[in-house]
Amino acid sequence: MSSEGLLKNGKKRVVIVGGGAAGMSCAATLAQHPDKFNVTILERMSVIGGQATSIPLDKNKYGTSWMNDGVQGGSPAFKHTLNYFKKYGHEAQGVKLQVAFGQGKESFWTNAFPSQLVDQFSGDIKKFGRVLKIIKYTMPVLGLVPIRIMLRMFFFNKDFGDKMVFPLIALFLGTGNQTANVSCAILERLFDDPNMKLWDYDPETLLPNLPQMVTFPHLEKFYGDWTADIRSKGVEIRTNTDVTAILGRSKNGVVLQTRPFDPERKKAVDELGGGEHTGPATTTETYDDMVMCILADDAKKLLGKAATWKEKFKNYETHFKSELCAKPKSKEQEDMISFAKNESKGPGDEPGGYRPMYYTHSYPEDMHKIEMAFDCTNYQHQFRMDHDADKPPVPYENHVFQSIFLDKGSRHLWTIDQIDESKVIEKKWWHQLGHRWQHYVRVVPNMMFINGKNRTYFAGSWTLVNMHEMACVSGIAAAYRLGADYEVFDDFAEDLFKKYLLISHGVRYKGGKKRV
């Protein structure tokens, strides 16, 4: 597109920078109004989807030909995400979640069977529930306090925080080494907010036994189908296109520069990013409005001097062991142990056996720093094609694990060198959101004051909390602000959208368009 001024057919030209969940949701919502918008997505990578990517596998060895390696699953409450999947013939699959925290009987605990650590901290677990209520009713103040301070304020046992609370939050938010600095607001919302919570608080075990979660379908295929559909509706999607600068934003529109980009050139496995520009030096392009669906740091860098002062934001236990198990105190706990030993089935006829899906490892040198890992074979549904069988379909020695190592400054603590290099399938580097308390003081409250200013809107999970669902909602909200309708398909989903719109845009929802 050239910079020859506004289109003469009356359509508003909207450029969306970034083709992840937020960018695609925004474009799909705008595409419902082909008479009002001319939409362009600019994505620097060669595929659409952002961090929601898939990789191929050797089916003969691993039992499946693919796996999702960025975004893997979530809560059944992710209504917008699940709605998009269903629309294109892709279905998320239910799974009963099993987790493993720590190692050895002094540090290990799980939600699959009773453990000694849960027994040891039973008093702290009950108090934790009371504190969650206090946070809820003092949200404007206590909600901004980092978790590490809150645990000291209410005199929790230090080991309870180090061995139970921090690993739990690190795993499900992906905050790793920054978990101790996560805001109490997010902690409380994960347990209590119907729109955001991943599980219910359990006063006996902290994390409930085998909560229902979902694993996502083949994300590369889903995003491919989604891309084809909105292209057919007139949306221009340009991959391998890097926005290198934003030259200006005024009443006359947004002016930016782009260059072709090849992410595979000069790619280094030990560095974030990689790739290089190709083709012409730069191309100047003009649009009426811009939606930035990229990370806050990238948005700030792109805006550069054009940014206003308000915009300058921002080793595991894999098998059941009797010595890890606490003495059962009830028939329910006896059933949990029987299930873990594969002597009986679980709730809803869940196949028996301890098959943990999520793991954490806290560094003894600094218990606030945490490695996270997934047993993708136990978690992702395509590995469990024979899911009703009592024996896992893939031998343990052929399981596929994904380990996450955060903060190169802590490289000396990582256990990455203990991994047999010959067994590594792929390495990737990406930005991980930290959800530090400062984010909820400086960034989140400020979003309503910058969204819509200077013909610019911001979308992405970072605008509130790092979930695929929130990325989708943020993109829809930006489209709504530009004049698109919100398509009503579920009361629960509509309620989340209404709350997000008020928090991040300072705008009250006036109702959407009922799905026909």
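**Exercise 1. Find which side chain makes a polar contact with Glu285, and place Glu285 in the fold.**

Solution. The side chains of Glu285 and Arg238 are joined by a polar contact of 2.7 Å. The term covers a pair of N or O atoms within 3.5 Å; within protein, one must be able to donate a hydrogen and the other to accept it, and residues adjacent in sequence count only if both atoms are side-chain atoms. Glu285 belongs to strand 14 (residues 283–287); helices (H or I, at least four residues) and strands (E, at least two) are DSSP runs, numbered from the N terminus. With a relative accessibility of 1%, Glu285 counts as buried (buried is under 20% relative accessible area, exposed over 50%, partly exposed in between; 1.4 Å probe, protein chains only).

The model is predicted: local features need pLDDT of at least 70, side-chain atom pairs count only at pLDDT 80 or more, and totals for chains, interfaces and linings use all residues. Residues are numbered from 1 along each chain as its sequence is written, and side-chain values use heavy atoms, with hydrogens and water left out.

**Exercise 2. Check the span of helix 5 (residues 122–137) against its 16 residues.**

Solution. The expected span is 1.5 Å times one less than the number of residues. For helix 5 this should give 22 Å, and the end C-alpha atoms are 24 Å apart, which agrees. Next, the burial: the buried residues of helix 5 include Ile125, Phe128, Leu132 and Ile135. The buried residues pack against several helices, among them helix 8 (158–173) and helix 9 (184–192), where contact means heavy atoms within 4.5 Å.

**Exercise 3. Decide which part of the chain Lys126 ties to helix 5.**

Solution. Lys126 forms a salt bridge with Glu204, with the closest N and O atoms 3.6 Å apart. The criterion is a side-chain nitrogen of Lys or Arg within 4 Å of a carboxyl oxygen of Asp or Glu. Glu204 lies in the loop between helix 9 and strand 9 (212–215), so the pair ties together parts 78 residues apart in sequence. Lys126 is partly exposed at 35%, and Glu204 is partly exposed at 48%.
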